Structure formats: structure tokens, C-alpha cells
Amino acid sequence: MSTVALKEVTKIWPDGTTAVDNVSLDVQDGEFMVLLGPSGCGKSTVLRMIAGLEDPTRGDILLNGEPVLELPPRDRSIAMVFQDFALYPHMTVSENIGFPLKLSGIEPAPRQERVDAIAGALGIGEVLARRPSQLSGGQRQRVAMGRAMVRRPGIFLMDEPLSNLDSGLRAELRAEITSMTRELGVTTMYVTHDQAEALTMADRVAIMRKGVLQDVGTPTEVYRRPATLYVAAFLGSPKMNLLEAAVYVHLDRYIALSFGEQTLYMPWNDPRARAVARYHGERIVVGIRAEALTPVTPDTQGHVFQGRIRYLEHHGHESLAYLDIGATAIVVDEMSGPVTETRTGGGFRKALQRLTGQAPEPVAPQGRVGVLSEVGKHHRKPAELAVRLAPYPAIGSGHPLAVSVRMEAVHFFDERGDRIDVGWR
Ligand SMILES: Nc1ncnc2c1ncn2[C@@H]1O[C@H](COP(=O)(O)OP(=O)(O)O)[C@@H](O)[C@H]1O
Ligand SMILES: [Mg+2]
């Protein structure tokens, strides 16, 4: 039995950076939990605190229900694999995997038995006599996992273990890692910044932004019902269309969602109508995934946007059309890169430099505070509505296209980015 519990854990570095902000999370026995978020959001810090390599500033960490903050790393029954795993170059694969057992004084015969078993499970039984330099990247990664697993840890922590590998190998190892950890029944916490990886591997996903936990759930739950605008924008490909809408309530009849040039009407008997009606006269964000949009003939009645194709993107199995519908898109920043304000500031500085020919004072050197941070959270731009089409359609840019909107699959968020929750699924 191995469970992990974080209780209101906060990590503030000596320089004042809050890397992890009041995170509470429970990982069940045998569960494969993926921590997902952009670089710099605090994922590694969470893992390192669980492993005992860093101390939380506040809060508590429990393994199997017992507080462990007083326990040194070696007493926590945890194994960790990093992105930049290092194998011992002068040792064979077999010796590399068996090394932790040798350290804990296990005899050569039983040691070799365990090494053979784990190497077999990882598909590297044939290369046990080789040295790391004689292995492919994928084989090396498997050796690193074998070395971590050989002591039969209760908990397996993996920090972006695949990010240095090419994409074909990554897909293959994803499947192997999940099947191996499930077979062994070992509780796993797996860190990645790749949403597709998270959705394919996880039993549950925990999504972080700037040290704050945004949402936790099965891949289906967080995809179908994202708790925040940020989660909505982070998950899925193509990205969810996020449109600004003004809300006008016509009591007992319908709610008009005005997107500028076009309007969708939500009937009053829609289960979400009352919750959305609270925003009468205000702006909200309406989230529409590509799969909620279907191309229709231009005279179709009902929930329909009339658009014009701005450009097409061909993906082989499908083409994506990006439509101009005269609406405004909300862009959620901080989807990648650690510190938005700096990135926003950088872009702003460069733009200003182009205009004025001189560089202004740098803003917000740490990127944490500063005048531009208000600009940061989300900004607006003309919407390009992503719509799925059959591969290589006969239409091209400039062509008009009408799409019907499956209203029950539409998401609503308030200006702060919180889901307008109406208890539906
Ligand atoms: N040892 C450290 N000292 C100071 N700041 C750190 C240290 N390690 C990480 N940080 C900062 O803490 C934040 C979270 O980092 P990290 O947990 O590594 O993020 P992630 O793994 O999600 O990319 C970042 O702002 C990072 O710069
Ligand atoms: Mg990291």
C-alpha cells in the first residue's frame, strides 16, 4: 500500500519566489497521477519535496498516511527518475540496474535475479552486458527506469523522463511506462509539460499554473469539464476556441450571447441558463472546442456562426479551417514559458523599440510584478475559430463557411477565468 498526500504545501525559495502555492493533493494506492503544467509552474519542486530533496516552507506531506517531513530521502521508499538521468558509463547495463541493490548489500545471486526480471519487463534483457554508450536513447531511458524500480519502491516519481527523446520513441515508451507501473501496481507521480502525454498516460491529471493547482481529475473529466479557463486552454488540440461574449437576458425567453457581429441564443430551459443569466450586461468567455462545431449549409437555422476561412492547416487525417466570424478571442497567456510578464514585457519592449528606435527601461526583471502584469492574464485578439474539416477540402482561404454550434458542449467562464458552474456534465 502506497499513498501520497500533500496538505496545503507551499514552497517559497529564499529569493521570495513562490514555486508551490498551497497545494493539496491525494494520490491513491497504485494510481498513475500526472502533474501537468508549463515549465516553471512548480512541478519538479513538488516531486522533490515528496522525495525529501527539498523541504516545504509550509504544509505537510504524508506517505501511507504518515507524516514524512522528518524522514530522510532514503527512508521514504521512493524512486525517482529525472529527465537528465545519468548512468554509470563504466558499468554494464546489468551493473547499472543492480547498483542500488549492491549498495544495500544484497548478494550477487538474488541481485542478478531481480535485475533479470526487471530488465525482461522493460525489454532490455538482451543488452545487459553492454555499456551505456552502446545503447540507444530509449534503451538508456529504460535502464534508468530499471535502476529506479529495482529496489521495488512503494512510490515512483518521474520528472519529464521522456522529454529528451524523439517523438516516435516517446509514444512507445509512454505506453510501456504506464503498462509497467500498472503491472507492478506501483503508485506513480509523473511530471510533464505535454498535455497529450498527460491525457494518454494518466489515471488522473493534476494541472498546475504558477505554483497553484488548477484542477484534478481523470483525463475525461478535466477535458470535458475544465475548472478554469486556463485548464480549458491548456488541454486539447486544436486549442479550445475562447470567445468573448456579452450576455443579455430576455427573461423567460432566452439569453443572447453576443459575439460582436453574431449572436447565439440559449433557450431559457437550458439547464445552464440561470447561471449564465447572472452575468446580464457583462462579458463572459465562451469556450467551444472544434469537435462542437460542424460545417453546415449557409441557410441552416439555429445555433450557427457565419464565417469566412482565414487559412487552412492540413494535418493529413484532417484539415483545420480557421474562421473569421467577427468575434474577439481571449488569449490565455502563461501557457508556456515560466514567466508571462517577462515575455509580455519582452514583446512590448521590442514593439516599442521598433516604434521609437530606442530601448526603454526593462520592466519587472524577475517578471513577478510590474506594470505589464495586468496585461498578462489574458488578452484579446480577433478570433480565428478552429473548425475540423475532412482532409484537403475543396475550399480555401476567403471561402465562406457556416458552422453549427453544439450548445450543450459549450463552456462558460467568468472574467476571472473560473468556470461558470452549473453542475452539468
Ligand atoms: N533551487 C531553486 N532556487 C530558487 N528558485 C528555484 C529553485 N528551483 C526552482 N526554482 C524556481 O521555482 C519555480 C518552479 O520551478 P520548478 O519546480 O523547477 O518548475 P517546473 O518543474 O514546473 O518547470 C521556478 O520559478 C523556478 O525558477
Ligand atoms: Mg521541472
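Q: Which strands does helix H1 lie across?
A: Helix H1 (residues 43-51) lies across E3, E6, E7 (155-159), E8 (187-192) and E9, and runs at about 150° to E7. Helices (H or I, at least four residues) and strands (E, at least two) are DSSP runs numbered from the N terminus; angles, from 0 to 180 degrees, are between N-to-C directions of axes fitted to C-alpha atoms, for helices over the stretch in contact.
Q: And which strands does H5 touch?
A: Helix H5 (residues 167-184) touches E3, E7 and E8, where contact means heavy atoms within 4.5 Å.
Q: Before I go on, what kind of model is this?
A: A predicted one: local features need pLDDT of at least 70, side-chain atom pairs count only at pLDDT 80 or more, and totals for chains, interfaces and linings use all residues. Residues are numbered from 1 along each chain as written, chains are lettered from A and ligands numbered from 1 in written order, and side-chain values use heavy atoms, leaving out hydrogens and water.
Q: What's the strand order in the sheet?
A: E6-E7-E8-E3-E9-E10, an open sheet with mixed pairing; two strands pair if DSSP finds at least two bridges between them.
Q: Which strands stand at the edges?
A: E6 (78-81) and E10 (212-217); each has a single partner strand, so one side of each lacks a neighbour in the sheet.
Q: New topic: how far is the polar side-chain atom of Lys43 from an oxygen atom of ligand 1?
A: 2.9 Å, and for Thr45 the distance is 2.5 Å. Trp13 has a polar side-chain atom 3.0 Å from a ligand 1 oxygen.
Q: What gives the most to the shell around ligand 1?
A: H1, with three residues.

How values were computed
A polar contact is a pair of N or O atoms within 3.5 Å; within protein, one must be able to donate a hydrogen and the other to accept it, and residues adjacent in sequence count only if both atoms are side-chain atoms.
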